[in-house]
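Subject: Structure handover

Hello,

Below is the structure I said I would pass on.

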Amino acid sequence: MPTRRSGDPDRPTFTEQARRRQLVEATIDSIATRGYPATSLAAIAEQAGVSKAAVLYHYASKDKLTEATLAHVLGRFMAYVGERVEREADPKAALVAYVRAMIGYQQANRRHVRVIVEMLLDDQGGTKLKTPGSHDTAGRWQGLAGLLMKGQESGDFREFDTRTVALAIGGAIDGVIAHWLVHPELDLDAAAAELVAFTLLAVER
């Protein structure tokens, strides 16, 4: 069993951190290929090439591990989008960067999309939210609404209810991605361009 640092007994060692990252990646792979209901601790252990006891040493249950996995996926996703939005000083350019980043990240990280979908939707064909509103995670609409408000303050965007429009833009993005998951032949680059045009038409004066 790994020893902990004497200076901070509650902080995992580098070895433990590496093992936890390995288990999170194994969980992503398992959920993406088997689905959330069929992803057991035994399946994750097999995917990671470790014993079930090794998994339980780091995570006390499947729920704890899958929650950590979802947090990891959402954190990576939001960081990617945030970095690209923050590069743009102009509200219009920042909004375009947001839409393109939302599509671009999911296009490049299909496994992560499967984790989000599998964990936030029910087991009946993925058609019903486990918790209404739970798809809008990590304060997504609030962040987008703030971006829209900046555009209004600068005079670039017309007056509108920022929450409603943020939810509409997010819903449009989610709809395109949901269709792409079922129909991977969809040209997401072309879809992103259409979503940008749709978004600008909705907000510009």
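In this predicted model, helices α8 and α9 cross with a right-handed sense. Their axes come within 11 Å and cross at roughly 165°. Angles over 145 degrees count as roughly antiparallel, so α8 is roughly antiparallel to α9. The α8 side of this contact consists of Val165, Ile169, Ala172, Ile173, Val176, Ile177 and Trp180, which meet Leu188, Ala191, Leu195, Phe198, Thr199 and Val203 in α9. By class, the contact of α8 with α9 has 12 nonpolar residues, one polar and no charged. For orientation, α9 covers residues 188-203.

α8 (residues 162-182) also packs against α7 (residues 140-154), at an angle of about 120° and with the axes 8 Å apart. That angle makes α7 oblique to α8. The crossing of α7 and α8 is right-handed. From α7, the residues in contact are Arg140, Trp141, Leu144, Ala145, Leu148, Met149 and Gln152; from α8 they are Thr162, Arg163, Val165, Ala166, Leu167, Ile169, Gly170 and Asp174. Sorted by class, the contact of α7 with α8 has nine nonpolar, three polar and three charged residues.

The next pair is α5 and α6. Helix α6 spans residues 110-120, and its axis lies 5 Å from that of α5, at an angle of about 100°. This makes α5 roughly perpendicular to α6. Tyr105, Gln106, Gln107 and Ala108 in α5 meet Arg110, His112 and Val113 in α6. The contact of α5 with α6 has three nonpolar, three polar and one charged residues.

Last, the pocket. Which residues lie nearest the centre of the second largest pocket? They are Met78, Val81, Gly82, Tyr98 and Gly143, out of 13 residues in the lining. The space in the second largest pocket is about 200 Å³. Two or more lining residues come from each of α4 (62-86), α5 (91-108) and α7. The largest share, five residues, comes from α4. By class, the lining of the second largest pocket has eight nonpolar, three polar and two charged residues.

Regards

Technical notes. Residues are numbered from 1 along each chain as its sequence is written. This is a predicted model: local features need pLDDT of at least 70, side-chain atom pairs count only at pLDDT 80 or more; totals for chains, interfaces and linings use all residues. Side-chain values use heavy atoms; hydrogens and water are left out. Axes are lines fitted to C-alpha atoms, for helices over the stretch in contact, and angles run from 0 to 180 degrees between N-to-C directions. Helices (H or I, at least four residues) and strands (E, at least two) are DSSP runs, numbered from the N terminus. Angles under 35 degrees count as roughly parallel, over 145 as roughly antiparallel, 65 to 115 as roughly perpendicular and the rest as oblique. A crossing is left-handed if the near helix is turned anticlockwise from the far one by less than a right angle, and right-handed if clockwise. Contact means heavy atoms within 4.5 Å. Ala, Val, Leu, Ile, Met, Phe, Trp, Tyr, Cys and Pro count as nonpolar, Asp, Glu, Lys and Arg as charged, and the others, Gly among them, as polar. On a 1 Å grid over the protein atoms alone, a cavity is a set of points where a 1.4 Å probe fits but cannot get out, and a pocket is an open set with protein on both sides within 12 Å along at least five of seven lines; lining residues have an atom within 4 Å of a point. Grid points are joined across faces, edges and corners, and a volume is the space filled by probe spheres set on the points.
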